Amino acid sequence: MAEPKADIALIGLAVMGQNLILNMDSKGFVVCAYNRTVEKVDHFLANEAKGTKVIGAKSLEDMVQKLKKPRKVMLLVKAGSAVDEFVKKLLPLLEKGDIIIDGGNSQYTDTQRWCKELSSTGILYIGMGVSGGEDGARYGPSLMPGGHADAWPAVKPIFQAICAKVDDEPCCDWVGEDGAGHFVKMVHNGIEYGDMQIICEAYHFMKDILNLDQGYIAKVFEVWGKRVLDSFLVDITANILRFKDSDDEYLLPKIRDAAGQKGTGKWTVNSALEYGVPVTLIAEAVFARCLSALKDERSKANKILPSATVRFGGDKGEYIDYLEKALFASKVISYAQGFMLLREAAKGNNWHLNYGSIALMWRGGCIIRSSFLGKIKEAFTRNPSLENLLLDPYFTRNVSASQMSLRRVIAQAALSGVPMPTMSAALAFYDAYRSRILPANLLQAQRDYFGAHTYELLNNPGEFVHTNWTGHGGNVSASTYNK
């Protein structure tokens with residue numbers, strides 16, 4: 001039998017898998033490539049991987065025999081049943097100390113399950129978020145590994161070599177126990193949903209309220225991308241707006257306005273409901289996609305339901321400035337909600353998350369990458385126990401300076417009949433979060449009135465009481481529910 005020579009194996013030769021293999025090869029690691037359809041391995045070796053040190057495998061048994069110990073096998077296959085199938089097939093071929101890495105968009109609960117199931121075998125399991133798209137995979141992704149901590153020293157040299165770097169710091173570090181890595185990636189994707197939607201709303205405002213030419217809107221995004229809003233998504237938005245089809249007409253207006261989704265945004269919202277965290281902006285971004293999918297129904301409603309009749313009569317340049325500040329404030333609030341969810345999940349799962357490290361990881365190879373994340377890292381470096389980004393001095397100061405612009409933009413959008421669900425959610429969250437008194441006292445009274453669910457008094461918190469509101473309801477109360 002030939003001496004094993006591969007440092008790591010990667011299963012799954014779609015775009016991300018191929019580019020990660022080429023990335024590892026370029027950093028001096030020998031990678032063994034495998035795919036369920038073996039012909040795809042031969043094609044990859046003869047084409048994209050030609051001239052590299054990449055080797056192929058004809059079977060899982062062949063792949064395992066070519067790996068140095070401890071064997072490291074990375075999966076980049078469809079989340080769910082495909083991951084489960086490969087893990088089950090690998091287990092009889094591996095031994096104590098070997099490592100399985102799931103680099104797909106798996107639900108964090110799947111990673112928790114596998115970590116628990118494998119704990120008695122000695123085979124180590126990592127659930128790792130991978131972000132950055134095709135280019136990121138090839139030239140430097142953001143990597144968010146979590147799971148069995150004993151596996152980290154063996155994979156750290158590989159993953160920190162291939163990941164993105166910010167000021168020479170690797171955008172990859174150990175996130176935490178069991179499903180922490182995939183949870184952090186899930187929240188990253190949820191924030192990405194929010195970022196994309198608030199940008200779309202800014203575009204919608206400029207197009208349908210300010211009636212700006214598409215080329216001019218592209219220039220606005222280009223300028224914004226060089227200031228506080230600098231980010232990958234703002235940059236590509238400017239490029240998309242400028243792009244012309246073969247007929248020399250802009251391509252964007254020809255694209256059907258019905259958005260798709262893979263599910264990670266929905267998972268983020270579901271998790272937020274589970275943990276009781278108000279990620280309202282991300283939720284509205286998910287629902288905006290759902291509503292966009294009702295294309296035929298919307299077209300019918302457009303002919304029946306009246307629109308607003310107020311025409312914009314303000315200064316367009318002034319409102320472009322307002323819009324930039326509104327976009328910034330909404331972005332801060334979206335990230336604030338995302339980190340609130342991370343903190344609550346960390347408590348519930350006993351994860352020891354480093355929020356500054358997470359911000360650094362997201363800043364590098366991610367789709368949401370921007371220098372803005374550097375400010376988040378600084379905030380958590382100043383105060384690792386920071387309750388909310390809005391309470392950090394930098395963000396307090398800048399959101400305070402932007403909140404009136406957000407109000408003006410939303411007010412004008414409402415008068416003009418242009419929907420801005422995520423920016424509206426951002427403002428509603430901001431106003432609710434800064435409110436000393438909310439009408440939840442009435443809500444608690446209503447719950448106690450019809451269901452005897454009890455309430456607390458301001459002067460006696462912690463003690464739940466029931467009132468016989470009608471005089472004939474009795475004094476027996478139901479259980480108290482605080483979630």
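Start by selecting W224. Setting aside neighbours within four places in sequence, W224 is in contact with A202, M206, L229, D230, V234, I320, L323, E324 and L327. Bear in mind that this is a predicted model.

Now widen the selection to the core around this tryptophan. W224 belongs to the largest nonpolar core, a set of 90 residues. Next, colour helix α14, residues 316-349. This helix gives the core 18 residues, the most of any contributor.

Next, highlight residues 181-470. The UniProt annotation, from an unreviewed entry, labels this span "domain: 6-phosphogluconate dehydrogenase C-terminal". Residues 181-470 are 64% helix and 3% strand. Draw a distance between the end C-alpha atoms of the span: they lie 52 Å apart.

Last stop: the second largest pocket, with a volume of about 580 Å³. Select N302, S307, S416, G417 and V418; of the 21 lining residues, these are the closest to the pocket centre. α8 (180-208) and α13 (295-302) each supply at least two residues of the lining. Which helix gives the largest share of this lining? α13 does, with six residues. Finally, colour the lining by residue type: nine residues are nonpolar, seven polar and five charged.

How values were computed:
Residues are numbered from 1 along each chain as its sequence is written. This is a predicted model: local features need pLDDT of at least 70, side-chain atom pairs count only at pLDDT 80 or more; totals for chains, interfaces and linings use all residues. Side-chain values use heavy atoms; hydrogens and water are left out. On a 1 Å grid over the protein atoms alone, a cavity is a set of points where a 1.4 Å probe fits but cannot get out, and a pocket is an open set with protein on both sides within 12 Å along at least five of seven lines; lining residues have an atom within 4 Å of a point. Grid points are joined across faces, edges and corners, and a volume is the space filled by probe spheres set on the points. Helices (H or I, at least four residues) and strands (E, at least two) are DSSP runs, numbered from the N terminus. Ala, Val, Leu, Ile, Met, Phe, Trp, Tyr, Cys and Pro count as nonpolar, Asp, Glu, Lys and Arg as charged, and the others, Gly among them, as polar. A nonpolar core is a set of buried Ala, Val, Leu, Ile, Met, Phe, Trp, Tyr and Cys residues joined through side-chain atoms within 4.5 Å. Buried means under 20% relative accessible area, exposed over 50%, partly exposed in between (1.4 Å probe, protein chains only). Contact means heavy atoms within 4.5 Å. UniProt positions are given in the numbering used here, feature names are shortened, and annotations may be inferred rather than shown by experiment.
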